[in-house]
Amino acid sequence: MKYFATFCNMIIHHIALFYTDQSIGGMMMMFEQLQVEHSLFHIDQDHIDQFKNLAAKWQMIFPQVYAKCLNTLDSWAIVLNNWVFLKSQHTDELILNPSKAIYYSINTFLLEELKKIQIIQKINHCNNDDLQYFAAFQLGNAIDLWVYKTVGKSTEADLLNSQEDKPYFLAYLDDGFQTDNTPFHRDQTRAIKILAQTIRSQNCFRITINSAVYQAVDMYEDYIAL
């Protein structure tokens with residue numbers, strides 16, 4: 001069994017190198033387009049580079065995001081922000097940008113809801129970049145799908161129209177973004193009402209988060225066991 005595990009590990013390693021070579025060879029992966037500006041937290045280029053290295057390392061397991069609510073790049077930014085959020089529990093250096101916390105109120109709301117869930121509190125104690133990446137990716141896809149279904153079944157389903165074509169995390173760079181009455185801010189308020197009502201009246205969000213983290217831990221342990 002030991003030799004078989006070693007053989008499997010070698011195969012996975014070569015597959016990872018293949019995907020990395022493909023990316024370097026000219027096929028830029030979407031996560032490579034992430035910038036510091038995509039983060040809701042105060043981070044620097046080293047954090048972006050670290051995240052991109054993890055994304056490339058585990059590309060064979062997590063090749064692409066769902067991107068149901070937002071475009072693909074912004075969906076990768078969700079994973080980035082989840083990862084920084086998990087890392088921020090171990091340091092005082094990674095703090096939420098106060099201005100962005102106000103502008104992107106729906107994301108701030110969801111991060112605050114995550115803090116209340118016990119399994120997130122437990123995963124926060126694991127200061128492991130790889131495990132945190134697994135959890136961040138699974139959470140990103142799970143929350144994306146949950147929001148998509150929740151809003152889609154509500155009377156505010158029009159919020160999902162054509163969102164994949166609009167920049168989201170870089171929207172604050174546009175002139176006039178800070179005006180309170182923009183469609184962007186109105187849509188944030190509308191979405192929060194729907195999500196908050198669902199979280200308060202049902203247990204589906206907690207179940208979604210628990211399932212995503214358990215899957216992440218299982219996948220991580222399966223790989224480490226090779």
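Reader: Is Asn-97 buried or exposed?

Author: Asn-97 is buried, with a relative accessible area of 16%. Buried means under 20% relative accessible area, exposed over 50%, and partly exposed in between, using a 1.4 Å probe and protein chains only. This is a predicted model, where local features need pLDDT of at least 70, side-chain atom pairs count only at pLDDT 80 or more, and totals for chains, interfaces and linings use all residues. Residues are numbered from 1 along each chain as its sequence is written, and side-chain values use heavy atoms, with hydrogens and water left out.

Reader: Where is Asn-97 found, and what does it touch?

Author: Asn-97 is in the loop between α3 and α4, the latter being residues 98-103. Leaving out residues up to four places away in sequence, Asn-97 touches Leu-40, Phe-41 and His-42. Contact means heavy atoms within 4.5 Å.

Reader: How many helices and strands does the chain have?

Author: The protein chain has nine helices and zero strands. Both are DSSP runs numbered from the N terminus: helices are H or I with at least four residues, strands are E with at least two. Along the sequence the pattern reads α-α-α-α-α-α-α-α-α.

Reader: What share of the residues is buried?

Author: Of the 226 residues in the protein chain, 47% count as buried. As for contacts with a separation of 6 or more, 83% are between residues 24 or more positions apart.

Reader: Now the helix pairs. How do α2 and α3 pack?

Author: Helix α2 (residues 45-57) and helix α3 (residues 72-88) pack at an angle of about 110 degrees, and their axes are 11 Å apart. That makes α2 roughly perpendicular to α3. Axes are lines fitted to C-alpha atoms, for helices over the stretch in contact, and angles run from 0 to 180 degrees between N-to-C directions. Angles under 35 degrees count as roughly parallel, over 145 as roughly antiparallel, 65 to 115 as roughly perpendicular, and the rest as oblique.

Reader: Which residues make the contact?

Author: From α2 they are His-47, Ile-48, Gln-50, Phe-51, Leu-54 and Ala-55, and from α3 they are Trp-76, Val-79, Leu-80, Trp-83 and Lys-87. By class, the contact of α2 with α3 has eight nonpolar, two polar and one charged residues. Ala, Val, Leu, Ile, Met, Phe, Trp, Tyr, Cys and Pro count as nonpolar, Asp, Glu, Lys and Arg as charged, and the others, Gly among them, as polar.

Reader: Ala-55 is on that list. Is it buried or exposed?

Author: Ala-55 is buried, with a relative accessible area of 0%. Not counting residues up to four places away in sequence, Ala-55 touches Phe-31, Trp-76 and Tyr-133. The C-alpha atoms of Ala-55 and Asp-130 are separated by 9.6 Å, though the two are 75 residues apart along the chain.

Reader: What about α3 and α7?

Author: Their axes are 8 Å apart and the packing angle is about 135 degrees. α3 and α7 are therefore oblique to each other. Residues in the contact include Trp-76, Ile-78 and Val-79 of α3 and Tyr-133, Ala-135 and Ala-136 of α7. By class, the contact of α3 with α7 has ten nonpolar, three polar and two charged residues.

Reader: And at what angle do α5 and α8 cross?

Author: The axes of α5 and α8 cross at roughly 20 degrees and come within 9 Å. That makes α5 roughly parallel to α8. Among the residues that meet are Ile-106, Phe-109 and Leu-110 in α5 and Ala-191, Ile-192 and Leu-195 in α8.

Reader: Which residues have the most contacts inside the largest nonpolar core?

Author: They are Trp-76, Tyr-104, Leu-110, Ile-120, Tyr-133, Phe-205 and Ile-209, in a core of 68 residues. A nonpolar core is a set of buried Ala, Val, Leu, Ile, Met, Phe, Trp, Tyr and Cys residues joined through side-chain atoms within 4.5 Å. α7 gives the most to this core, with twelve residues.

Reader: What does Ile-120 touch?

Author: Ile-120 touches Phe-85, Leu-114, Leu-139, Ile-209 and Val-213, not counting residues up to four places away in sequence.

Reader: Last one. Where does Ala-67 lie?

Author: Ala-67 lies in the loop between α2 and α3. Phi of Ala-67 is near 55 degrees, a positive value in a residue other than glycine.
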